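Good morning, and thank you for coming. I would like to take you through one structure, from its domains to its aromatic rings.

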Amino acid sequence: MRFKLTVLPGDGVGPEVTREAVTVLRALSHFSDCEFICEEKPIGGAAIRSHGTPIPETTLDACLKSDAVFLGAVGAPEFDDRPTDQKPEAGLLALRTALGGFANLRPAVSFPVIADCSPLRRSRVEGADVLFVRELLGGLYFAQPRGFSSDGHSAFNTMRYSAEEVERVARIAFEQARMRRKKVTSVDKANVLETSQLWRRTVIEVAKDFPDVQLDHMYVDACAMHLVSNPTRFDVVLTENLFGDILSDEAAAITGSLGMLGSATIGGAVDLYEPVHGSAPDIAGKGIANPLGAIASAAMLLRQSAGLRHEAADLESAIRRVLDDGYCTPDLAGEKRKVVSTHELGELVEQRFMELLDRRFSYHAV
Ligand code: NAD
Ligand code: IPM
Ligand code: MN
């Protein structure tokens, strides 16, 4: 199988973590007939510097013609003062719109061996395994009108959702819950916002098609509190674009580092895989970024887009094994932990992955 992957390293630590994720994916070709044909394209600040725009046409074309897209991160402080539509982040938002994926899956899992790296007590985070299903193409991020008043003294954004937009992402959340612990918590602000009242009503309708899945509702402010005080109460958290952006970064604290979280965006013409974190300008260029969120995104790609569920499970096991052996980047440093560089951690995962694949494929050969 030839798998066409468009790779968008982007800015800051984006290229550093992307390199590791792509190397790990390519290791598969030693063991199976799955070959990743990777084409790198610019996006974000890097694209502004090379092409004068955060998302060149050639990048969009390549993405739309591929089997999946892998993105590192976008954003650079030098572009902070630009208008919104000319910032590096505008490139990512335009890409998401063009690819059409409306459901952004963001798992946050506490691994026992690094539970003490969380700022939360081990007893609270142990066993936590939350899947955020974040609506990605609607809400405040995209609705019109938006802008500044002519005197620049006021500014406005619009929160808008249609029932169709809510329904399609809710269906994905219930389907995901069916494959897990069969519980959906829908998060909104229905005590204040009409968009949330529509959200809640629509989710209740969709739930009728999934009688085996338990549904509860929570206001977003309370959810922010429950996530850190009792994260194990959650299975799937379904929420709108901005709430999902904020809550998933908060949930990174459960895992110990924002660098641990991967994501998959599904439902559109081409699926998009990216770590949850940004370009991390404070640590970029030092070789210390945690590549595991990017590698976890690669595992999601193997499962969702390449149909290689065993290989995806092997890659997830490889990540766990490397952590179990004590290796980590500085964000997860601690007692009895061995701090290595981004590249060294990537290599260790690759080695473990190859060992697991070797075992799997030699077993099937006998
Ligand atoms: P950030 O996620 O880049 O960083 C937040 C904190 O987490 C920083 O202290 C950083 O050092 C740390 N961190 C992030 N990734 C890490 C990793 N892999 N390993 C270890 N530590 C890591 O968020 P920010 O600083 O608020 O934003 C920086 C830029 O990134 C902004 O331009 C923002 O718009 C952009 N951004 C892009 C994406 C994306 O491309 N998907 C996501 C979030 C933010
Ligand atoms: C994320 C980021 C993006 C978002 C930005 C960079 C547009 O924070 O992927 O979480 O807000 O969706
Ligand atoms: Mn974010």
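Let me begin with a term: buried area is the accessible area, taken with a 1.4 Å probe, that two parts lose on being put together, summed over both. Between domain 1 and domain 2 it comes to about 1,300 Å², and carbon and sulfur atoms give 68% of it.

This is a predicted model, in which local features need pLDDT of at least 70 and side-chain atom pairs count only at pLDDT 80 or more, while totals for chains, interfaces and linings use all residues. Residues are numbered from 1 along each chain as its sequence is written, chains are lettered from A and ligands numbered from 1 in the order in which they are written, and side-chain values use heavy atoms, with hydrogens and water left out.

The domain bounds come from an automatic or database domain assignment. Domain 1 covers 1-100 + 268-366, and domain 2 covers 108-257. Their C-alpha centres lie 24 Å apart. With contact meaning heavy atoms within 4.5 Å, 15 residues of domain 1 touch 16 residues of domain 2. On the domain 1 side, Arg-96, Arg-320 and Leu-332 lose the most area to domain 2, together 34% of what that side buries.

I turn now to strand 10, residues 236-239. Strands here are DSSP runs of E, at least two residues long, numbered from the N terminus, and two strands pair if DSSP finds at least two bridges between them. Strand 5 (residues 129-135) runs parallel to strand 10 and is joined to it by four bridges; Phe-132 stands opposite Val-237. Strand 8 (residues 183-188) is likewise parallel to strand 10, also with four bridges, and Val-187 has Thr-239 as its bridge partner.

Are the residues of strand 10 buried or exposed? Buried means under 20% relative accessible area, exposed over 50%, and partly exposed in between, with a 1.4 Å probe and protein chains only. Val-236 and Leu-238 on one side, and Val-237 and Thr-239 on the other, are all buried.

Finally, the aromatic rings. Rings of Phe, Tyr and Trp (its six-membered ring) pair if their centres lie within 6.5 Å; planes under 30 degrees apart are stacked, over 60 edge-to-face, and the rest tilted. The whole structure holds five such pairs. In one of them, Phe-3 and Phe-36 have ring centres 5.1 Å apart and planes at 55 degrees, so the pair is tilted. Phe-3 belongs to strand 1 (residues 2-10) and Phe-36 to strand 2 (residues 35-40), so the pair ties together parts 33 residues apart in sequence. Phe-3 is buried at 3% relative accessibility, as is Phe-36 at 5%.
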